[in-house]
Amino acid sequence: MMPTDVGAGRRFTPQLLMGLFVIAIGVLFTLDNFGIARARSYLQYWPLGLIAIGAVKLSQCRAAGGVLTALVMMSAGIWILLQQLGLVDVNVWQLWPVLLVAIGGSMVWRGLYPGADRQRSSDTNATVSAVAVLAGVNRGNNSRTFRGGDLTAVMGGCEIDLRQAAIDGEAVLDVFAMWGGIEIKVPEDWTVVGQVTPILGGFDDKTRPVLGAASHRLVIRGFAIMGGIEVKN
């Protein structure tokens, strides 16, 4: 699914949302320094940013794993916001078993409907989806019409090998790493376009530049929050 349109020729992406969020915080602290507004009075609403990021990610999900991550982010943001406003007394960290329920539900869904996560394509392996929560995922893909997918690592790691795959034009890979890491291996003739926003984390493109016009482009977009994302040949 493509990002939401916000105007002619413009796309609403998670990077745009995060940029606006950072600008708002900067403006708020500037006003606080001049005694115009109190930053602490507004910082309690920071979970709205988590909710918004989850909503944008949900609108771009290609598979159940991405939907699960987006729903968890939105639910955590809503609960933390309610706690900040004093409307609930239960700490969000006491609800971590609900995450296990959600992961189990996702596994049951994939077992009952094994084709539900696949894009409509003659190549059923055209996308890749992986979620690593307190664990590790090691996966490969050899599709000749690779179109992208989504990778999520939360206190875990994802290793994806795409060196046997091929792109016909451009593919988009949505990534999210939080207290975890994602490693992506790509073929020599792919051009990698990094659109990852690092927040106390990092994005490292170690691929070798492709000579000539780029006919195979892999766009990697998303966030690295206190985590790392690495791409290499």
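Buried means under 20% relative accessible area, exposed means over 50%, and partly exposed covers what lies in between (1.4 Å probe, protein chains only). The model is predicted: local features need pLDDT of at least 70, side-chain atom pairs count only at pLDDT 80 or more, and totals for chains, interfaces and linings use all residues. Residues are numbered from 1 along each chain as its sequence is written, and side-chain values use heavy atoms, with hydrogens and water left out.

**Exercise 1. Classify the two residues of the salt bridge between R163 and D161 by accessibility.**

Step 1. A salt bridge is a side-chain nitrogen of Lys or Arg within 4 Å of a carboxyl oxygen of Asp or Glu. The N to O distance between R163 and D161 is 2.9 Å.

Step 2. R163 has 38% relative accessibility, so R163 is partly exposed. D161 has 25% and is therefore partly exposed.

Step 3. For context, a search of the whole structure gives 8 salt bridges.

**Exercise 2. State which elements the salt bridge between E170 and R217 ties together.**

Step 1. The side chains of E170 and R217 meet at 2.9 Å, N to O.

Step 2. Helices (H or I, at least four residues) and strands (E, at least two) are DSSP runs, numbered from the N terminus. E170 lies in strand 7 (residues 169-178) and R217 in strand 11 (residues 216-225), so the bridge ties together parts that are 47 residues apart in sequence.

Step 3. E170 counts as partly exposed because its relative accessibility is 45%. R217, at 30%, is likewise partly exposed.

**Exercise 3. Locate M155 and L200, two residues other than glycine with positive phi.**

Step 1. Most residues other than glycine have a negative phi.

Step 2. M155 has phi near 55° and is found in the loop between strand 5 (148-154) and strand 6 (157-161). Its relative accessibility is 42%, so M155 is partly exposed.

Step 3. L200 also has phi near 55°, and its place is the loop between strand 9 (191-199) and strand 10. With a relative accessible area of 74%, L200 is exposed.

**Exercise 4. Describe the cover and pairing of strand 3.**

Step 1. In strand 3 (residues 127-133), 5 of the 7 residues are buried, and the strand is mostly covered.

Step 2. Two strands pair if DSSP finds at least two bridges between them. Strand 3 and strand 5 run parallel and are joined by 7 bridges.

Step 3. Within this pairing, V128 stands opposite G149 of strand 5.

**Exercise 5. Characterise the aromatic pair and the core around F146.**

Step 1. Rings of Phe, Tyr and Trp (its six-membered ring) pair if their centres lie within 6.5 Å; planes under 30 degrees apart count as stacked, over 60 as edge-to-face and the rest as tilted. The structure holds 1 such pair. The ring centres of F146 and W190 are 6.1 Å apart with planes at 20°, so the pair is stacked.

Step 2. Both residues, F146 and W190, are buried.

Step 3. A nonpolar core is a set of buried Ala, Val, Leu, Ile, Met, Phe, Trp, Tyr and Cys residues joined through side-chain atoms within 4.5 Å. The largest has 27 residues, and F146, V175, I182, I184 and L218 have the most contacts inside it. Strand 7 gives the largest share of this core, 4 residues.
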